[in-house]
Structure formats: C-alpha cells, structure tokens
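Visitor: Hi, could you walk me through this one? I'll just ask things as I look around.

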Amino acid sequence: MALAFLREPQRVLMVCLTVALGTIALILADGFIDRTMFVFREDIIRAHFAHIQVLPAEADGRIGTEARGGDTRSLLERELASDPGAVVAARLSFAGLVSFGERTVGFVGEGVEPDKEVALSKAVRLSSGSQITGSGNEVLLGEGLARSIGASVGDRITLLTNVRGGGVNAIEAVVVGLFHTATKAYDDRALRLSIAAAQQLTRSSGVSRLMILLSDTDAAAATALRLREVLTGEGVQVKVWSELADFYNKTVDLFSRQLSFVRTVILAIVLLAASNAMARNVLEQQREIGTMMALGARRATVAGKFVAEALAMGVVGGLVGVVVGGAIARAVTWIGIPMPPPPGNAHGFVGGVSFSLATASLAFLSIVAICVIAALLPALRASRANIVDALRADR
C-alpha cells in the first residue's frame, strides 16, 4: 500500500519536474532582482552618496573653516581608524553657468579631492580623457553637459557662479575628461573640479559635506549611529545613504512588487500541478483506501499518507531545483547578461544572478509548503471516503 503511488512513476516524475522547475524559476527571479539591485545600489553609493554623509545642521552652512573639513574631519578619521577600508573625503557643492563658445547652460558642480576619488567614486566612469589631478583648473564634464555645450577633452571653458555674500565670480578651466554615472539626469548637468579650484571659484572656505565610504555597506547604519554620538555638539547631522537615495528606494519598492507577482504566478502553477496529481491519485486508489480503512486504519492515517507523498515530491523536486538553479545562477553570472540602459540611464550594464543560502532556502521552503497545501484537500477527501463505496471502486 505504501508504494501504491509509485505505480504511476510518470506522474510522479512530472510533478517532481514541475516542482524543480518552479524552484529554479524562484531562485533565478529572486537572484536576478537581487543582483540588479546590488549593482544599482553600489553604483549609487560610489557615484553620488557614499555610505554616510556628514552635513551641516543648517541647509546653507559649511563644515569647518579649512579646505578639508577641519576638526570635524579629524574626529571622523579617529573614530574610523579601526576600519582600514574607510575613506573620508570632502565635497563642496555649488551651481552656476558654464560657457563654451556661444553656448551657455546651467550646471551643478562638485569640488572633490582627486586623491580620494579613486576609491570613493568608482562608479563615476570616464568616457574619455583622464581624471583631474588637482594641479591647475582642471574639470570633468558629465557626458550630457559636454554635449549640450559642444565641448570635448582639451577645450577651455568658463565657469560662472554666485559667491556667498553677494556678487559673482568666474574662472577658466580645461576639460580633462568626460564621465558618466548610473544617473543620466546627473550627467546632463554635472561637472567636477578639485576642491581647491572650487573654493577659488566660490570664494569660500570650508566644505559642503564630508563623504564616508566604508568597507562594508551593511555596516553603514550602525556606523552612522556611532558617529552621531561622537559628533554631538559639532553642529552637523549624519545621514546614511539610504536616507538620501529616494530614487533607489522607490525603484526597489517597484521591483519588489513585481517580484511578488512573479512569485505568486510560479507558486500557483506548482500548486495546480501538484493538486491535480494528488486528486487523480486519490481517485485511482479508492480500493486501497477502502482496504486500509477496513483493516482499521484511522482517517488521519489515510490523510497523512497522501500528505507525506506530496511532501516527498516537494522535497525531491525542491532539492533538484536548488542544485540546478544554483548551477545556472553561477554560470549566468560568470558569463554575464548584457542589459540595455534602464530608464534614466544612458549606458547599459552586465547583469547576473545572485545565489545565496537565504534565496535557496526561501525558494525550497516555499515550494515544499505549496506541495503540502496542494495535498490537503485531496487527502481530506480520501480520509472521508465511505468504506463500502471505496471497496466497490473499479468494479
């Protein structure tokens, strides 16, 4: 009786195959979204926000009176000395007009420390030219901004901005490179120059904010909490990147909703396949069910038999799916998936599929649970069968 279901090996194989394919689909869907969001997150961090920002308490304030942040920066560097991968860099933000030839457009500018940007801004990728060195008035232009004024590497442009306290100031700068980031809207308006040149242009001291890059993104929240205590009374506020990246947060929310729908569809397919197989199994085993109950088997025992069969199929199919799904994920990531530019981007990226114990466990447990749920109704019907009618089946 225990092997009655194995008289239909083809059906068992089809259910196990469906379960395995469902597990693979869940792993690949979860892994693809996780990998895409990971790449997007790291690009956002390393192009715009860093892991943590230390900002003036007032919207138009400055940090320190020195080019690199003064005492506040010293406190940060001492506190982060235990993290050898941490980078602290100053930024000076400003806006104005850039002119080349007869074209003049608005820009948003950032004064940066060239020696720190190699680590801090890995997602700011050069399209042509070279990085600024800090010697002289060198400038990097976003691709979109360069196109809007018709400038290229080697051209001399004029930067004009308002200075604090009133008035305007202008400098000439040489374009040494063009760059792009994960955000096309930023590239269409942004330029970068050394912090010394930015302070010369804005006629200001101090910096707009201090950027902190850590060796581990997951440690950002805990580190920010610690830094808030250290910087109490310094007239600054500490922000984690996730508090500043509104577009990223909305994108993650959108993809999460879409992924939930995909999961629901996959689980529904597995549920229907397993439920159909178990229902047919109950119909074809009516005489065996009647025999079991006539010999004194309890109704719970009869129901448990069918639930156990579904559980076994779920476990076998789920394990096969985890192994195959993990192999596919690693192979796809190693090969890479050329992806078109996402909305708001000018450049595509190479996608992949993340595979982790958490993703595999979630897919496996979800599939096994669906198989058990699919068996509940057929098992309940089997346990409530009339003994006489069941023994008469197929006669």
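Visitor: Where does Val316 sit?
Guide: Val316 is in helix α11, residues 299–335. Helices here are DSSP runs of H or I with at least four residues, strands are runs of E with at least two, and both are numbered from the N terminus. Keep in mind that this is a predicted model: local features need pLDDT of at least 70, side-chain atom pairs count only at pLDDT 80 or more, and totals for chains, interfaces and linings use all residues. Residues are numbered from 1 along each chain as its sequence is written, and side-chain values use heavy atoms, with hydrogens and water left out.

Visitor: Is Val316 buried, exposed or partly exposed?
Guide: Partly exposed, because its relative accessibility is 48%. Buried means under 20% relative accessible area, exposed means over 50%, and partly exposed is in between (1.4 Å probe, protein chains only).

Visitor: New topic: β9. How many of its residues are buried?
Guide: 5 of 5, over residues 209–213. Both faces are covered, with Arg209, Met211 and Leu213 on one side and Leu210 and Ile212 on the other.

Visitor: Which strands does β9 pair with?
Guide: β1 (residues 52–56) pairs with β9 in the antiparallel sense over 3 bridges, and Val54 has Leu210 as its bridge partner. β2 (residues 87–100) is also antiparallel to β9, over 5 bridges, and there Ala89 is partnered by Met211. Two strands count as paired if DSSP finds at least two bridges between them.

Visitor: What about Val139, buried or exposed?
Guide: Val139 counts as buried because its relative accessible area is 0%. This valine belongs to strand β5, residues 138–142. Beyond neighbours within four places in sequence, the contacts of Val139 (heavy atoms within 4.5 Å) include Ile132, Ile157, Leu191 and Val174. Val139 and Val174 are 35 residues apart in sequence, yet 6.0 Å apart in space, C-alpha to C-alpha.

Visitor: Which side chain does Glu42 make a polar contact with?
Guide: That of Thr217, at 3.2 Å. A polar contact is a pair of N or O atoms within 3.5 Å; within protein, one must be able to donate a hydrogen and the other to accept it, and residues adjacent in sequence count only if both atoms are side-chain atoms. Glu42 is in helix α1, residues 9–49, and is buried because its relative accessibility is 11%.

Visitor: Last one: how many helices and strands does the protein have?
Guide: 13 helices and 12 strands. Of its 395 residues, 46% count as buried.
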